[in-house]
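Please look at the sequence and structure first.

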Amino acid sequence: MNPLESRRTALILVDLMPRIIALDTAPLTGAAVVERSVELAAATRAAGGLVVNVRVERPGVEVQPEGSGFAAEVVPQAGDLEIVKRTIGAFGRTPLDSELQSRGIANVAVAGIATNFGVESTGRAASDLGYETFFITDAMTGLDGSAHDFAVSYVFSRIGEVCTTTEYLNALKE
């Protein structure tokens, strides 16, 4: 993985909410994804990059289900961007693209839950919008192991670069 210009890099963490983290996921547990996401976010902030925390709200519902806020470990910090989506991906009908453009972001790294829903949809849109897109595959998990594996092995390499947490962290340091 080539070095990343950290100040032009955004880490997008998708749907790290208690009710999503608690789902039966594969190949990783939601807790494992949160643990890696905390490490990724800290390193991204320390390198001068942007952390984007994304959560979903059900449209047309007055009260969201229990556990719809961010998990305590990934609550947005000062300087982070919070996006509330009402679609599968983080770009659809949100200000995410304009916020990233206004900050000069060129690279988007995506992690979270679920691989073949919010993560994939967000990554596809990022790629379509011209961002250099990275999928941190050991910091995401799916609702089904085979669907996760298909996205990682077949889809992601066609629309971006597949990497691990270690590869991303090393690219930020260079």
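The sections below cover the basis of the model, its overall fold and one arginine.

## Basis

This is a predicted model, in which local features need pLDDT of at least 70, side-chain atom pairs count only at pLDDT 80 or more, and totals for chains, interfaces and linings use all residues. Residues are numbered from 1 along each chain as its sequence is written, and side-chain values use heavy atoms, with hydrogens and water left out.

## Overall fold

The protein has 6 helices and 6 strands, where helices (H or I, at least four residues) and strands (E, at least two) are DSSP runs numbered from the N terminus. Their order from the N terminus is β-α-α-β-β-α-β-α-β-α-β-α. The radius of gyration is 15 Å, close to the 16 Å of the globule rule for 174 residues, so the protein is as compact as a globular protein of that length. That radius is taken over C-alpha atoms, and the rule is 2.2 Å times the number of residues to the power 0.38.

Of the 174 residues, 49% count as buried, meaning under 20% relative accessible area with a 1.4 Å probe, protein chains only. The C-alpha trace spans about 45 × 35 × 30 Å along its principal axes.

## Arginine 19

Arginine 19 sits in helix 1, residues 18-21. Beyond its neighbours within four places in sequence, arginine 19 is in contact (heavy atoms within 4.5 Å) with Val56, Arg58, Pro65, Glu66, Gly67 and Ser68.

How values were computed:
Buried means under 20% relative accessible area, exposed over 50%, partly exposed in between (1.4 Å probe, protein chains only).
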